[in-house]
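Subject: Structure for your reading

Dear colleague,

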Amino acid sequence: MVSIDPVLLLVQLGTFLVAVFLLWRFLWKPLAKFMEARRYAIEQDIESARKNRESTEQLRAQIDQRLAEIDTEARRLLQVANDESKRTREQILQEAQAEARRLLDNAGRQIAEERVRAIRDLRAETVALSLLIAEKALKQSIDAQVQHRLVDEFVTELKHG
Amino acid sequence: MPDIGEAVKYHLGVPVPLVMSWVTVAILFAVSFAATRRLRVVPGRMQAAMEMVFGFVFDLVDSVMGPKGKPFYPLFLGMFLFIVVGNLIGLVPGLSSPTANLNTTAALALVTFSSTHFFGIRKQGFFKYLAHFSAGVPWWLKPLMFVIEIIGEFARPLSLSFRLFGNLMAKEILLAILALLVVTLYSAGGVMNMTLIIVPLALRPLIILLGLLIGVIQAFVFTVLSVFYIGSAMQAHE
């Protein structure tokens with residue numbers, strides 16, 4: 001039972017080696033290759049997913065950066081617009097005030113001119129009336145009292161007129 | 001139960017262990033064919049079981065030998081599956097384990113032994129490979145260490161073959177004794193003998209379960225040691 005039979009040993013050896021060769025060549029190798037291909041495919045998928053995630057993160061970082069730039073730019077433009085509007089408002093206000101002052105000056109000047117012209121017209125009217133009174137006095141030969149009364153009446157009329 | 005191996009031996013003159021080796025190989029072909037007939041990305045039960053064994057052996061080889069172990073996948077896969085199936089068919093009534101014969105285990109150990117030294121020499125060169133047996137000791141200890149290491153190298157296949165053979169032979173003898181005991185006690189008759197029959201009848205299933213466990217463990221041990229021997233011969237002094 002515990003003895004070595006060289007022929008049997010060699011035949012067993014040959015049986016084992018031939019069996020392993022045939023099994024590997026025709027049945028096990030395809031399965032091993034299939035497993036390897038599947039493992040490779042899974043590794044590729046994982047690698048691809050990792051790359052996609054990295055590129056997505058990179059893209060997101062770029063978008064965040066761009067958004068931050070846009071935000072900064074928008075704030076700057078808003079500030080510029082505010083400044084511009086303030087400046088424009090001040091300018092418009094100043095122009096309006098200047099215009100108002102100009103209009104007031106014009107109105108004052110016109111009033112003064114009108115006043116001078118009214119006084120001149122009044123004087124001319126007074127002279128004309130005086131001449132008329134004098135003419136009447138001369139014509140009617142009235143006394144001094146009558147003349148005084150007439151002048152007073154005339155002055156009173158001027159005041160009320 | 002008639003022994004199929006004995007029947008083949010009687011009619012064809014082929015030794016029983018060889019017949020059992022052929023049966024083992026036939027089972028391996030049948031199971032492998034069934035498992036790999038239609039390969040699917042999501043494997044069925046047979047394919048999944050086969051992939052599990054493949055993965056186990058490949059991982060074992062990779063962990064010991066690294067990427068250089070890939071060419072050895074067929075050898076270790078064949079060794080593991082042949083020993084597992086060879087061990088387990090001994091539990092089937094009418095069959096016996098080819099590994100319960102020293103010639104089978106010696107043939108397997110010879111594969112490991114010759115592969116170890118062949119690939120060791122091919123990797124490192126003849127003289128460098130011989131030198132590694134006495135490396136790392138003072139010069140005056142080298143001859144003694146060389147002899148001890150050479151004896152150790154020859155002890156490896158002996159221990160490999162006798163360990164596997166001894167375990168399987170013990171299981172076979174134990175099962176045969178228990179069966180013989182049942183037959184003997186039954187033939188003797190009497191109340192006492194009939195009562196005692198319970199003992200071998202109860203023990204036999206337990207021994208079969210133990211045989212199942214031993215069958216897988218011994219295949220694992222043989223394969224792991226073979227991987228380690230060949231791997232260490234190739235990696236020595238790298």
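The two chains of this predicted model meet through 30 residues of chain B and 22 residues of chain A. On chain B, four helices each supply at least two residues of the side that touches chain A: α2 (16-36), α3 (45-65), α4 (73-89) and α5 (102-124). Among these, α2(B) gives the most, with 10 residues.

Chain A contains two helices and zero strands. Its radius of gyration is 62 Å, whereas the globule rule gives 15 Å for 161 residues, so chain A is more spread out than a compact globule. The box that its C-alpha atoms fill, taken along the principal axes, tells you the dimensions: roughly 190 × 20 × 20 Å.

Chain B has nine helices and zero strands, and its pattern along the sequence is accordingly written α-α-α-α-α-α-α-α-α. Along the principal axes, the C-alpha atoms of chain B fill a box of roughly 75 × 55 × 35 Å.

I now turn to how helices pack within chain B. Two packed helices are described by the angle between their axes and the distance between the axes.

The crossing in which α2(B) passes α4(B) is right-handed. From α2(B), the residues B:Met20, B:Val23, B:Thr24, B:Ile27 and B:Leu28 meet B:Leu81, B:Phe82, B:Val85, B:Gly86 and B:Ile89 of α4(B). By class, this contact holds eight nonpolar residues, two polar and no charged. Both helices also supply residues to the side of chain B that touches chain A.

Next come α5(B) and α7(B), whose axes come within 8 Å and cross at roughly 145°. Here too the crossing is right-handed. The residues of α5(B) that take part include B:Leu102, B:Ala106 and B:Phe113, and those of α7(B) include B:Arg156, B:Leu160 and B:Leu164. The contact of α5(B) with α7(B) comprises nine nonpolar, three polar and one charged residues.

The remaining pair is α7 (residues 142-188) and α9 (residues 198-235) of chain B, which pack at an angle of about 170° with their axes 10 Å apart. How are these two helices oriented, roughly parallel or roughly antiparallel? Angles over 145 degrees count as roughly antiparallel, and α7(B) and α9(B) are therefore roughly antiparallel to each other. Among the residues of α7(B) in this contact are B:Arg156, B:Leu160, B:Leu164 and B:Lys171, while α9(B) contributes, among others, B:Ile207, B:Gly211, B:Phe222 and B:Tyr229. The classes here are 15 nonpolar, three polar and three charged residues.

Finally, a word on confidence. Chain B averages a pLDDT of 89, and 94% of its residues score at least 70. Within chain B, confidence is lowest in helix α1 (residues 4-12), at a mean of 68, and highest in α4(B), at 96. For the complex, the predictor gives an ipTM of 0.88 and a pTM of 0.73.

With kind regards

Technical notes: Residues are numbered from 1 along each chain as its sequence is written. Chains are lettered from A and ligands numbered from 1 in the order in which they are written. This is a predicted model: local features need pLDDT of at least 70, side-chain atom pairs count only at pLDDT 80 or more; totals for chains, interfaces and linings use all residues. Two residues are in contact if their C-beta atoms, placed from the backbone, lie within 7 Å. Axes are lines fitted to C-alpha atoms, for helices over the stretch in contact, and angles run from 0 to 180 degrees between N-to-C directions. Angles under 35 degrees count as roughly parallel, over 145 as roughly antiparallel, 65 to 115 as roughly perpendicular and the rest as oblique. Ala, Val, Leu, Ile, Met, Phe, Trp, Tyr, Cys and Pro count as nonpolar, Asp, Glu, Lys and Arg as charged, and the others, Gly among them, as polar. pLDDT is the predictor's confidence in each residue, from 0 to 100. A crossing is left-handed if the near helix is turned anticlockwise from the far one by less than a right angle, and right-handed if clockwise. The radius of gyration is taken over C-alpha atoms; the globule rule is 2.2 Å times the number of residues to the power 0.38.
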